[in-house]
Amino acid sequence: MDLGQVLANGIVLGALYACLAVGFSLVWGVLNVINMLHGSFIILGGYLTFFAWHLFGVHPLLMLPVVGALLFCLGYFLQAVFINKVVTAPVLTTLTLTFGLDMILYNFMTVYFSATPRQVTLDLGSIDLFGIYLPNERLLGMALALLLTGLLFVTMRSSSIGRAIVAVRMDRFAAALMGIKVNRIYAITFGIGALMAGTAGALFALVYPVTTNLTGIFLGKAFVVCVIGGLGSVPGALVGGLALGLIESISGVVFGPQHSLTVGFVVMLVLLVFRPTGLVGVKGYE
Amino acid sequence: MPEPLLKVTGLASGYGDVQVLWGVDLDVNEGEIVCIVGSNGAGKTTLLRTISGMVTARQGEIRFAGENLLNAGPDAVLSAGIAHVPEGRRLFRGMSVKDNLLLGAYLRSDRSEVEGDLDHVFDLFPILKERASQDATTMSGGEQQMCAIARGIMSRPKLLMIDELSLGLAPRLIERLGEGLQAINRHGITILLVEQDVMTAFELASRAFVVETGRIAKSGDTATLSDDPVIRQAYLGA
């Protein structure tokens, strides 16, 4: 396969990875919660999109804001009702709690939606760019993934709620003195994390088959993206996502596709040793 | 005599098993600059934190502008008109001076007036305008204190509480900050100042409360108190 095609595949995949990981990174950075539910949120978003399309003929693009809203509500609810109770506890406590919640959500999805791989097939055709073959669904998925990630970036940077989230991350005592309801910001942040996961899953379902068997793999990828790019920032997730996409796509050709996942984890390990802050390790959430 | 703006009666509070305040009485009239002085660990910071709702009160009363604010929660206290500039400034790292100031106005919904207030604090502390887009925590200590005070008045409070105005700052800067506070006070904002440096506090404030081991040991006009031999010996080193 020629290099242009490999890079193009990597960038498409990388944009989706960035969108997939940015919510995980946000929640980890702001709440110090390693959200074990993240993979299931992604698959839930993918399944909702698939079944709305498959059963009722709802176009995936129309479904995207619906999935975002539903996942936001689910995330807000879980944080406000369960996770906020222990959010200041050591990270292992919240990890165990989200792991337990994940078991419930994962098994619920497997029972009611089954684990059969599902993919939305839109058949939008493809374009041929100097010999690089690009199906239009992939371009669409990539564009929307970048758009959503960009929207999150703008929200974090220049909205009142974004400033409040960063303030809570930096100093929750001082944030409370500004009149910020810290627990509410936690719930909103977790909701945004779920929203990004769900919409990423919806976009994934346009390009690749999704199944509950993938929740763990998606969670692992989100983890790798955060470590490669740097935790808790949108640019970090973008760089990490694109890096992982390219790593997987290139190593898939060099070592064979069965090894691409392993190579991603190896790169993460190497980075942990030599540059633990990630490629763009920033202190603030910018 | 009209009812004081802030009236604290028999306030008791603390952290966990440790009780810090043992029945504090305090009043602040509208338009005044009042200071709370006392040594380390006397309970000054805890008193401010209890008023602003960051520490839960166990007993007593906090009345502000006719409203009962005891354990009302920090956002309700701020909405009622009390802003708290915390000890150590606690500016938000990684955020610009302007974003820090805007966070001070977080509860306000009048966006256009917030812009006007930004100009107002930039007039008050021009250095903040120069540094508007700089990471607030990379400024000097004095500039950070200016930013923290400016962030406090961005909420348009009736009462501004400042914890340790002068801590770790050079005398010239303290003087500059004092001038700033007097200007803020002239604009109609009442000020409650907590200070370890009694000399500075007495220069700025018209009345003082002396806190010792969680109780008010003495109170009165700063002019009278600075002639009190006990106060002079304990706090003014003379």
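The model is predicted, so local features need pLDDT of at least 70 and side-chain atom pairs count only at pLDDT 80 or more, while totals for chains, interfaces and linings use all residues. Residues are numbered from 1 along each chain as its sequence is written, and chains are lettered from A and ligands numbered from 1 in the order in which they are written.

Me: Which pattern does chain A follow along the sequence?
Reply: Helices (H or I, at least four residues) and strands (E, at least two) are DSSP runs, numbered from the N terminus. Chain A has 11 helices and 2 strands. Read along the sequence, the pattern is α-α-α-α-β-β-α-α-α-α-α-α-α.

Me: What is the radius of gyration of chain A?
Reply: The C-alpha trace of chain A spans about 60 × 50 × 35 Å along its principal axes. The radius is taken over C-alpha atoms, and the globule rule is 2.2 Å times the number of residues to the power 0.38. For 286 residues a compact globule would come near 19 Å, which agrees with the value for chain A, 18 Å.

Me: How many residues of chain A, in percent, count as buried?
Reply: A residue is buried if 20 or more other C-beta atoms lie within 10 Å of its own, exposed if 12 or fewer, and partly exposed in between, with C-beta atoms placed from the backbone. Of the 286 residues of chain A, the buried share is 51%.

Me: Are H9(A) and H10(A) roughly parallel or roughly perpendicular to each other?
Reply: Axes are lines fitted to C-alpha atoms, for helices over the stretch in contact, and angles run from 0 to 180 degrees between N-to-C directions. The axes of H9(A) (residues 215–229) and H10(A) (residues 234–254) come within 7 Å and cross at roughly 115°. Angles under 35 degrees count as roughly parallel, over 145 as roughly antiparallel, 65 to 115 as roughly perpendicular and the rest as oblique. The two helices are therefore roughly perpendicular.

Me: Which residues in H4(A) does H2(A) meet?
Reply: H2(A) (residues 38–56) and H4(A) (residues 91–113) pack at about 25° with axes 10 Å apart, and are therefore roughly parallel. Two residues are in contact if their C-beta atoms, placed from the backbone, lie within 7 Å. From H2(A), the partners are A:Ser40, A:Ile43, A:Leu44 and A:Tyr47. In H4(A), they meet A:Asp102, A:Leu105, A:Tyr106, A:Met109 and A:Phe113.

Me: What is the radius of gyration of chain B?
Reply: Chain B has 10 helices and 10 strands. The globule rule gives 18 Å for its 238 residues, and chain B is close to that, so it is as compact as a globular protein of that length, at 17 Å.

Me: Which elements give two or more residues to the side of chain B that touches chain A?
Reply: The contact takes 19 residues from chain B and 17 residues from chain A. Two elements of chain B qualify: helix H2 (74–80) and helix H3 (97–104).

Me: Which helix of chain A is included in what covers the buried residues of H3(B)?
Reply: H3(B) is mostly covered, with 7 of its 8 residues buried; B:Asp99 and B:Leu102 are among them. The cover includes helices H4 (111–124), H5 (126–130) and H6 (141–153) of chain B. From chain A, it includes helix H6 (160–170).
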